[in-house]
Amino acid sequence: MKFTSLVSLSLLLSIGSRSLTPIFQLVSINSIIPAGPFSINEDSYIQLFTNGATVKFSVDYCDLFYNSLYSHIDYECQSMGSIRLPFKNRLTSKGIRGNFKYNLGMKQVEINPVFYPPSYQTINVALLSEKVVVHEGVCFEINDDKYNTKETLDFTNTNRYITTNSKNQIDISDVNFMYSNSFFSSCSKAYLKIYDYENVYPYVNKIGNLIEVPINIYNDKNEIGLSWNSKMYVNSQTLDMSSDPRENYEETTSFYLPIGKESQFSRNEVSLIIEEFGLNKDTIIIPFDYFSSKRLFGACYDSDYCIEGGIKR
């Protein structure tokens with residue numbers, strides 16, 4: 001009986017100790033998409049997702065230049081919610097700091113991101129000493145206890161040569177650059193800028209000798225690529241281009257180099273322009289050099305010099 005009593009007591013103590021052990025719920029929080037770009041004209045919002053748990057935020061917003069508190073806001077997010085970033089009439093180029101305090105279960109987190117409006121920089125890829133451009137404070141995303149406010153553009157492997165493909169279309173398929181935000185590829189305008197000094201395109205609309213050929217940009221897993229959007233007309237025999245319908249011309253979204261005009265085109269000035277790209281609203285300029293894809297010797301259809309017939313045995 002004595003033994004039984006001891007066993008019962010130890011069993012009760014064991015059960016009691018287990019029942020007193022707190023059960024912690026795993027809590028995580030992630031941005032649905034990063035917030036940005038930021039504007040002085042309106043507030044911004046960061047959309048957040050939790051795994052069903054309630055996450056409480058306490059946020060102080062401070063003027064970075066004067067280090068003065070201008071707003072304190074408490075938020076509560078459960079499953080999905082948003083946090084207002086009160087930038088309207090307050091955000092300037094001096095920046096705003098947010099002091100975010102929030103709970104991840106029993107863990108208390110504090111982060112201090114700094115926010116800036118777009119600075120509208122001009123990036124000429126040919127003039128960059130460092131091929132990676134980083135903008136701080138232009139977006140905001142949260143991943144549990146970590147956050148990101150950076151936008152990165154990487155031109156390290158950007159091709160600055162263009163040529164023509166087998167159809168004599170000017171080939172822009174190999175022109176690209178890396179971009180940190182896979183969700184975003186916005187710009188106000190993208191085009192190939194051609195100073196047609198040699199009048200290679202007499203039927204294409206110009207301002208002086210300037211031609212602008214519209215281009216689409218797209219984001220493929222953080223790689224920004226290009227495709228034609230010319231909405232012009234081409235003569236299928238000569239590959240001359242026209243802005244307007246003409247006899248023997250077909251509608252096309254591509255842009256061709258007229259047959260036999262390679263040498264003249266190489267003396268033109270050509271560059272890619274992307275206006276108000278990304279969260280910092282950059283203007284990106286990529287100057288191009290043209291080289292002919294024809295070989296000096298080879299088959300008659302793609303070389304300057306060729307030999308008819310087979311190999312002498």
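Reader: Where is N176 found?

Author: This is a predicted model. In it, N176 sits in the loop between β13 (170–171) and β14.

Reader: Why is N176 called buried?

Author: Buried means under 20% relative accessible area. N176 has 18% relative accessibility, so N176 counts as buried.

Reader: What does N176 touch?

Author: Leaving out residues up to four places away in sequence, N176 touches T158, E223, I224 and G225.

Reader: What makes R84 and D43 a salt bridge?

Author: The cut-off is a Lys or Arg side-chain nitrogen within 4 Å of a carboxyl oxygen of Asp or Glu. The closest N and O atoms of R84 and D43 are 3.1 Å apart, so the pair is a salt bridge.

Reader: Why is this pair said to tie parts of the chain together?

Author: R84 belongs to strand β3 (residues 68–85), while D43 is in the loop between β1 (29–31) and β2 (44–63); the parts are therefore 41 residues apart in sequence.

Reader: Is K146 exposed or buried?

Author: Exposed means over 50%. K146 has a relative accessible area of 57%, so K146 is exposed. D145, at 28% relative accessibility, counts as partly exposed.

Reader: What makes E212 and K189 a salt bridge?

Author: The N to O distance between their side chains is 3.1 Å, and the limit is 4 Å. The pair links distant parts of the chain, with E212 in strand β16 (residues 210–220) and K189 in strand β15, 23 residues apart. E212 is partly exposed, with a relative accessible area of 34%, and K189 is partly exposed at 36%.

Reader: How many salt bridges are found in the whole structure?

Author: The search finds six.

Reader: Which residues make the nonpolar surface patch?

Author: I32, I33, F49, M80 and F183 make a patch of about 470 Å². A patch residue needs over 30% relative accessible area. F183 has 35%, so F183 passes that cut-off while being partly exposed. F183 lies in the loop between β14 (177–179) and β15 (189–195).

Reader: Why are β19 and β20 called edge strands?

Author: The open sheet has three strands in the order β19-β18-β20, with antiparallel pairing. β19 (241–242) and β20 (249–252) each pair on one side only.

Reader: How do you know that β18 and β20 pair?

Author: Pairing takes at least two bridges. Strand β18 (residues 232–235) and β20 have four bridges, so they pair, in the antiparallel sense. In one of these, M232 has T252 in β20 as its bridge partner.

Reader: What is the mean pLDDT of the chain?

Author: The mean is 87, and 85% of the residues reach 70 or more. Over residues 1–24 the pLDDT is below 50, and this stretch has one contact beyond near neighbours in sequence. Residues 304–313 also stay under 50, with nine contacts beyond four places in sequence.

Technical notes
Residues numbered from 1 in each chain as written. Predicted model: local features only at pLDDT ≥ 70, side-chain atom pairs only at ≥ 80, totals over all residues. Heavy atoms only, no water. Patch = residues over 30% accessible without salt bridge, like charges linked within 9 Å, V, L, I, M, F, W, Y side chains within 5 Å. Areas by Shrake-Rupley, 256 points an atom, 1.4 Å probe, with all protein chains shown as cover. Helix = DSSP H or I, 4+ residues; strand = E, 2+ residues; numbered from the N terminus. Buried < 20%, exposed > 50% of the residue type's maximum accessible area, 1.4 Å probe, protein only. Contact = heavy atoms within 4.5 Å. pLDDT = per-residue confidence, 0-100.
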